[in-house]
Amino acid sequence: MAHAFRRRSDGSVSCRLEQEEKAVIAQIAQETRELVRQDLGLTEEPEAVRRAADSEDPLERLEAELASTSARSPRDPAVRRLLPDASDDPEVAAEMRRLGQHDLATAKTEGLARLLQLIDASGLRESEVSVPAEDVEGVLRSLTDLRLVLAERLGLERDGDFETLRMIEEIGRRVPGAAGRDEESDLTALMAAVYELLTWLQESLLQVLDDGTIGGTVDGLGDGFADGFDDGFGRRR
């Protein structure tokens, strides 16, 4: 059972997650980080780029400049959702990508790496995941990024799409022959459960940041979770 974020007296926050919940979130964070890096060609290590930028060799400095300002448009729809065009004008959008995409994408991958560090630091079993005060906003952004990736994979584009997905799943469970259980449907059900968990964690963290309210608990990734849960704020999903 997951426990909502709570504020501590030193400004940090923490939540309690089960081993399976931490493992799934960590896996998605790692896969999202690699997806962004590979899709945008962020294979050059930042430190190597910085060393090249300080080199006395003009060619190395030029290569470092190109590496830091390259702006390949995302090919994966999930990455495009994380880094959408900043303008409807194609030329303006391309220029905005050239100027800012590298830094923004790097910030997102570094945020996901930090989220992985915080999860790893909590240990293997059910335990507190502590977030220092200086990392709280970064964790909130990373949770949002993970939700956007899952939303793209689940085909969620508008308000109400998630409820429709849940309704279709429910029909599949209750009506014999309406939908067979296969590997794909099981994966969709798992992604939907993780999407709900991330949504709940994000909302509980926002609630703590807004007024310090102490949240509740939620069943994690088991059958009870898939059937719906109380989000800790008096609302039923």
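**Exercise 1. Which residues of helix 1 and helix 5 meet in this predicted model, and how are the two helices arranged?**

Step 1. List the helix 1 side. Lys-22, Ile-25, Ala-26, Ala-29, Gln-30, Thr-32, Arg-33, Val-36, Arg-37 and Leu-40 belong to helix 1.

Step 2. List the helix 5 side. Their partners are Gln-101, Ala-105, Thr-109, Leu-112, Ala-113, Leu-115, Leu-116 and Ile-119.

Step 3. Read the geometry. The axes of helix 1 and helix 5 lie 9 Å apart, at an angle of about 155 degrees. Angles over 145 degrees count as roughly antiparallel. Helix 1 and helix 5 are therefore roughly antiparallel. Their crossing is left-handed.

**Exercise 2. Work out how helix 1 (residues 19-40) and helix 8 are oriented, and name the residues in contact.**

Step 1. Take the angle. The two axes cross at roughly 95 degrees and come within 11 Å.

Step 2. Apply the cut-off. Angles from 65 to 115 degrees count as roughly perpendicular. So helix 1 and helix 8 are roughly perpendicular to each other.

Step 3. Name the residues. Helix 1 gives Glu-21, Val-24, Ile-25 and Ile-28. Helix 8 gives Val-194, Leu-197, Leu-198 and Leu-201.

Step 4. Sort them. Seven are nonpolar, none is polar and one is charged.

**Exercise 3. Are helix 6 and helix 8 roughly parallel or roughly antiparallel?**

Step 1. Locate them. Helix 6 covers residues 136-154, and helix 8 covers residues 183-211.

Step 2. Take the values. They pack at about 150 degrees, with axes 9 Å apart. Because of that angle, helix 6 is roughly antiparallel to helix 8.

Step 3. The crossing of helix 6 and helix 8 is left-handed.

Step 4. Look at the contact. From helix 6, the residues include Val-139, Leu-143, Arg-147 and Leu-150. From helix 8, they include Met-191, Tyr-195, Leu-198 and Leu-201. By class, the contact holds 17 nonpolar, four polar and two charged residues.

**Exercise 4. Which residues line the largest cavity, and what class are they?**

Step 1. Count the cavities. The structure has two of 30 Å³ or more.

Step 2. Give the volume. The largest cavity has about 90 Å³.

Step 3. Name the lining. It consists of Phe-5, Cys-15, Leu-17, Ile-25, Leu-115, Ile-119, Val-129, Val-131, Val-139, Leu-143, Leu-198 and Leu-201.

Step 4. Find the elements. Strand 2 (13-17), helix 5 (90-121), strand 3 (127-131), helix 6 and helix 8 each give two or more residues to this lining.

Step 5. Sort by class. The lining has twelve nonpolar residues, no polar and no charged.

How values were computed: Residues numbered from 1 in each chain as written. Predicted model: local features only at pLDDT ≥ 70, side-chain atom pairs only at ≥ 80, totals over all residues. Heavy atoms only, no water. Axes fitted to C-alpha atoms, helices over the stretch in contact; angles between N-to-C directions. Helix = DSSP H or I, 4+ residues; strand = E, 2+ residues; numbered from the N terminus. Parallel < 35°, antiparallel > 145°, perpendicular 65-115°, else oblique. Left-handed = near helix turned anticlockwise from the far one by under 90°. Contact = heavy atoms within 4.5 Å. Nonpolar A, V, L, I, M, F, W, Y, C, P; charged D, E, K, R; others polar. 1 Å grid on protein atoms, 1.4 Å probe; cavity = no way out; pocket = protein on both sides within 12 Å on 5 of 7 lines; lining within 4 Å. Points joined across faces, edges and corners; volume = space filled by probe spheres on them.
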